[in-house]
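Here is a short note for someone opening this entry for the first time. Please keep the sequence and the 3D view at hand while reading.

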2 protein chains.
Amino acid sequence: MDLELVTIGTELLLGFTIDTNAAHLGRALASVGARVVRRTTVGDEGTTIGDAVRQALGRTGFVIATGGLGPTRDDVTKKVVADLFGAPLEVDRAYLEVLRARFARLGRAMPAINRSQAEVPRGAVVLPNRWGTAPGLWLEGPPGTVVMLPGVPREMQGLLEHEVLPRVQSRISGAGRPAVVTASRTLRTTGIAESALAERIGGLEDGMAPATLAYLPGVDGVDLRLTVWNLPADLANRTLADRADLLRPALGTHLYGEGDADLAAVVLSLLRDQRLTLAVAESCTGGLLGARLTAVPGSSDVVVGGVVAYANAVKTAHLGVSVEVLQREGAVSEPTVRAMARNVAQRFGTRAGIAVTGIAGPGGGTPEKPVGTVWIAAVLEDRQEAVQRRFPGDREDVRRRSAQAALDLMRRLLQGQPA
Amino acid sequence: MDLELVTIGTELLLGFTIDTNAAHLGRALASVGARVVRRTTVGDEGTTIGDAVRQALGRTGFVIATGGLGPTRDDVTKKVVADLFGAPLEVDRAYLEVLRARFARLGRAMPAINRSQAEVPRGAVVLPNRWGTAPGLWLEGPPGTVVMLPGVPREMQGLLEHEVLPRVQSRISGAGRPAVVTASRTLRTTGIAESALAERIGGLEDGMAPATLAYLPGVDGVDLRLTVWNLPADLANRTLADRADLLRPALGTHLYGEGDADLAAVVLSLLRDQRLTLAVAESCTGGLLGARLTAVPGSSDVVVGGVVAYANAVKTAHLGVSVEVLQREGAVSEPTVRAMARNVAQRFGTRAGIAVTGIAGPGGGTPEKPVGTVWIAAVLEDRQEAVQRRFPGDREDVRRRSAQAALDLMRRLLQGQPA
């Protein structure tokens, strides 16, 4: 099934906003066997939007449009598409009540301006938006099918997953042809550079066909993406599973998960399995490590808390790092980071502890300890490990790499792997 | 001057690559007075590329195309555009030498496959690419003007800046009209919903012309972007400054900055001006507030650290919240959050303190305190404020909104504004 996207927003054309929705839609639709063959981006201008949707319908008969569904004057998508279909806008009483209830839950009266968001083209299916106020709309008629989704990524993604993809899937299977899909599988590694990974994988690459292998280096590590193109769904899945099996041994202990696995969630789950709780002590990451761990729902049964010890006085007063060690070895040193990890666990009454201290930059570097120098320690009952890393990149990169490396050290300790 | 973009690449449609080039091009072109009125993205397929370029030329007569200029078989842009112009591809001897020299500098012979990159449509101006092997091409003829640029961001950006923008600029000024630019200015607000903001601004919207006003709601607040279109540069700047002056009073104390101002940086700078240091106590945000503050370079002269108090036992042991208060009022309550803010400042020896405690979800909500209920407190010397908020959204939203609201409460206290 071929379709087109029309993404709407003057800020997309001006480059004020990067169109991440388009990529998300492309991936999600490909995974159920729908192929995006063209994408058109236009500004918040009725005539141009109408033009773009009409032309796209003429080519494929199926259009997903994002953006321009907000309550303000520059949001005109609904009106324009309604006109194309000759369908008048009418207030959907049921959705109006949903909106009122939403505001009531937040303890506020619904502003008059939001009433327009309950107006829908006659005949449209209203796709309820649990993440915001603009409903998605699914409109079918002689010109074809137009699905309208809000431009706010979270809302678009929620509606896509819960309302749009199931309908697209049943339309494809209803058409009686076997669905061919483009599908991918991702293996996630950390602590190893792209080039080193490529050397390990080496000759295996030829054995990946018909899947293609892509290296996707990022701040948190290198993802390996296997993709199969236009295969029946079950063959696609078998091929991907088989190629992933071939690849896995080459990745060794650097492999920490698949798909969108999050290393923090992996660590929490390992700790939970061993009925352990965790405390963290952070200097250069300033809370980022705690934030990553507590971003995971349910983390409160493992994470008890921690100390952000940005100033040296805090390292001494709240983490028991001796003034002598700080003076002799420095705040970014093995003895300091070991004391931080050990003492935060002890003081917070946990059997696992992680600590990070480093120089995130842009200032603070020295010839011996340049910007990017980071010490990390993990304590697990009577075992502990400490490693030094030197990370490239700017302040944000160094901090993110530090948090990821700290999580990985804990994972290795939990899995009995070398640091 | 109006133009269209055609971005080419199957991986863009499949969503494996996010089209950052498009945003970069939009911004850069607007800054010299060229307006992108439509963007079309197509896969690596000759017919579709030809179609898209022809249609775009029909609308504006000027197209910038990115991608599909590499040496491999799926790179067909050059051939397709040459056909549109009826211009045969011919080897450009001079560029062939440039290519050979480039490989020689890298100590390698030029692979045969790269020879095709020196083939250019007859009549095209070759734009030398110092960052890679595919030259940019500027082709004018009866159908209009097509500029072809490689899809690799670094190469595209280099060619754009050094070769394309100067030519676009001189075309605009050569047309005998004064150079006109599209420019924008952003006012950042937080703590007020888009609809409430729209009601405050109300009648002012009409007075914004010739600037247009866009509401950009996000998790951290609502940005208001004023844009002027196609005005001489000095008039553009004066208009933006004037309209911003008109708008500002309506935003009241919700306005915290302009452009890409970060609320954490605003708070740090206010604290620094008053020679104050800061400690933070976080429950539901789990380190996010500390991470936001310490993400700002130079934050170490203001932020000394803090406590992540995820477990109640930590709130008692490390933040001095009494067991009685926790039992009677709960962890998410005014007495708890006030004690957290007061005590973290006292124990960390700072005169400013911020605390957050709330229910981020998905679990943990009750009828009295549903998911999204958050208490925030700020202490500044002998003053303190505490507010309760009820945030919409999922776990990540609630946490991010909590951190932003906590920073805003501190900002208000520092600026003597009501909580």
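The points below go from the whole chain to a sheet and then to a pair of strands.

1. Basis. The structure is a predicted model, and the values in this note are to be read with that in mind.

2. Chain A in outline. The C-alpha trace of chain A spans about 80 × 60 × 40 Å along its principal axes. Its secondary structure consists of 14 helices and 17 strands.

3. Domains. Three domains are assigned in chain A: domain 1 covers 2–174, domain 2 covers 180–258 and domain 3 covers 263–415. Taken over C-alpha atoms, the centres of domain 1 of chain A and domain 3 of chain A are 44 Å apart.

4. Burial and contacts. Of the 419 residues in chain A, 48% are buried. If one takes the contacts in chain A between residues at least 6 apart in sequence, 65% of them join residues at least 24 apart.

5. A sheet with strands from chains A and B. An open sheet of 10 strands runs in the order E17(A)-E16(A)-E15(A)-E13(A)-E14(A)-E14(B)-E13(B)-E15(B)-E16(B)-E17(B), with mixed pairing. Its edges are strand E17 (383–390) of chain A and strand E17 (383–390) of chain B, each of which pairs on one side only. On average, neighbouring strands of this sheet are turned by 10 degrees against each other, direction ignored.

6. The chain B end of the sheet. How do strand E16 (residues 373–380) of chain B and E17(B) pair, and over how many bridges? The two strands are antiparallel and share eight bridges. Within this region, Ala377(B) has Ala386(B) in E17(B) as its bridge partner.

Note on methods: Residues are numbered from 1 along each chain as its sequence is written. Chains are lettered from A and ligands numbered from 1 in the order in which they are written. This is a predicted model: local features need pLDDT of at least 70, side-chain atom pairs count only at pLDDT 80 or more; totals for chains, interfaces and linings use all residues. Domain bounds come from an automatic or database domain assignment. Two strands pair if DSSP finds at least two bridges between them. Helices (H or I, at least four residues) and strands (E, at least two) are DSSP runs, numbered from the N terminus. Axes are lines fitted to C-alpha atoms, for helices over the stretch in contact, and angles run from 0 to 180 degrees between N-to-C directions. A residue is buried if 20 or more other C-beta atoms lie within 10 Å of its own, exposed if 12 or fewer, and partly exposed in between; C-beta atoms are placed from the backbone. Two residues are in contact if their C-beta atoms, placed from the backbone, lie within 7 Å.
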